[in-house]
Amino acid sequence: MRLLGFRRHPVSEEELSAYLDGRLPTAAQERVDAHLKACTDCSRKLEETLSLVAELRRLPRATASRSFAISPELAAATRREADRARQDERATARRAYLGLSGATAAAAVLLIAVLGVELAPSLGGNGGPASTTPSSREAVGVTAPQGSGEADKALSGGEPDENLAPEAAAPLPSTADEQGRSSANATPAVATPYDAAAAAPQQAQPVAKESSHLLLWIVEGAAGGLIVGFGASAFWMRRRWIQINRS
Amino acid sequence: METHQDAVYGLCLRMLASSHAAEDVTQDAFLAAYRRIDSYRGGVFRAWLLRIAANACTDELRRRQRRPQVSLDDVTGDGSPLDLPDESESPEESLLRTELSRHIQAGLMALSPDQRAVVVLCDVQGLSYEEVSEALHISLGTVKSRLSRGRARLRELLLRRRELLPHPFRHTV
């Protein structure tokens, strides 16, 4: 094979090494035999390697100055040491199993608590009959939801009801079309100072609710992940503990 | 186990080039074998023991790499357990053989631990490819490959001290 001017030798070092040990298949052995008759480099290399192997085989066999037989005392000490190590490992596995089980339970309690908070009506979940989700309110263009008059009053500095614009106090339109008509007929209401003051906190309220929902979802996800992680680790540790007890 | 202690000690000594370390590691290997006797699943017992010893040597060499403190003087100096005189040789021959033996040991130490283990087991201790494969838990192809590379490297190293070498080395350039 010619590759970038380099010609690969027909017999590799590995083949030569296996050849001198008689570990080549017959066909390869014959090929190397034929090559050695023609290649002085390989013949020299083979001779040197044979000589090296002969020298390695002639190296003095080292004999230990003492016996490594395991005495009964050493055997007993080894057994004691092994027993102690096994007991330590068993205690560690038990502690880890109990700790991981407790952590799994704590994560489960956290998840249940977070789910309870999320489903509670006070946070504007599906459970509140008087509440309206921010998205639905935005869809109908409502700026003052029903039942929030007291809060609006407080926000506007306790202004009396007679200062309210008639449009703001009007009943809520039921569809977007009605809202479109009413907003077209009520141009002055948009420009009143009362609405400008009330708009900011009323817009901030849905944003705050969205943030709290997002936070709850993050906590739920984290709690779920912890349950899976701690639970799997506790399961594995229990198996290990049982294995050690059986051994 | 006693019948195999010379093979295990010989491997450790050639791998570590220190008689003290070799004794410690051999003892550790026998203790490890005693503890793990339940895990012995048949096969050649010597190969199983040698595998434990080879692993113990590898651990010891890794420890040394982290905290280098052992020199080769232990086995290349006078009175080394590897310098066993052959009484059938003349003093001159014996001296030359001792020198060559030290030179070969220094060459072995220049190999990687993987290659050294294969060369020691195969060429020094005379194990078959299959036994080496079982002892070191490597394939036959890996045995062949490591052996050929180890031999080639050792050959190169020995040729640097041609005057110590026997006939085929001395007359080739």
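A residue counts as buried here if 20 or more other C-beta atoms lie within 10 Å of its own, as exposed if 12 or fewer do, and as partly exposed in between, with C-beta atoms placed from the backbone. Keep that in mind for chain A, where buried residues make up 13% of the 247 residues.

What you have open is a predicted model: local features need pLDDT of at least 70, side-chain atom pairs count only at pLDDT 80 or more, and totals for chains, interfaces and linings use all residues. Residues are numbered from 1 along each chain as its sequence is written, while chains are lettered from A and ligands numbered from 1 in the order in which they are written.

**Stop 1: chain A on its own**

Along the sequence the pattern is β-β-α-α-α-α-α-α-α-α-α-α. For contacts (C-beta atoms, placed from the backbone, within 7 Å), take those in chain A with a separation of 6 or more: residues 24 or more positions apart account for 72% of them.

**Stop 2: where A touches B**

Now show both chains. 28 residues of chain A are in contact with 37 residues of chain B. On the chain A side, pick out H1 (13–20), H3 (40–58) and H4 (72–119), each of which supplies at least two residues. H3(A) gives the most, with ten residues. Colour that side by class (nonpolar: Ala, Val, Leu, Ile, Met, Phe, Trp, Tyr, Cys and Pro; charged: Asp, Glu, Lys and Arg; polar: the others, Gly among them), and you get 13 nonpolar, six polar and nine charged residues.

**Stop 3: H6 and H7 of chain B**

Next, select residues 113–124 (H6) and 129–136 (H7) of chain B, whose axes come within 10 Å and cross at roughly 140°. H6(B) and H7(B) are therefore oblique to each other. Show the side chains of B:Ala117, B:Val118, B:Leu121 and B:Cys122 in H6(B), which meet B:Val132, B:Ala135 and B:Leu136 in H7(B). That contact has seven nonpolar, no polar and no charged residues.

**Stop 4**

For both stops, axes are lines fitted to C-alpha atoms, for helices over the stretch in contact, and angles run from 0 to 180 degrees between N-to-C directions. Under 35 degrees is roughly parallel, over 145 roughly antiparallel, 65 to 115 roughly perpendicular and the rest oblique.

How values were computed. Helices (H or I, at least four residues) and strands (E, at least two) are DSSP runs, numbered from the N terminus. Two residues are in contact if their C-beta atoms, placed from the backbone, lie within 7 Å.
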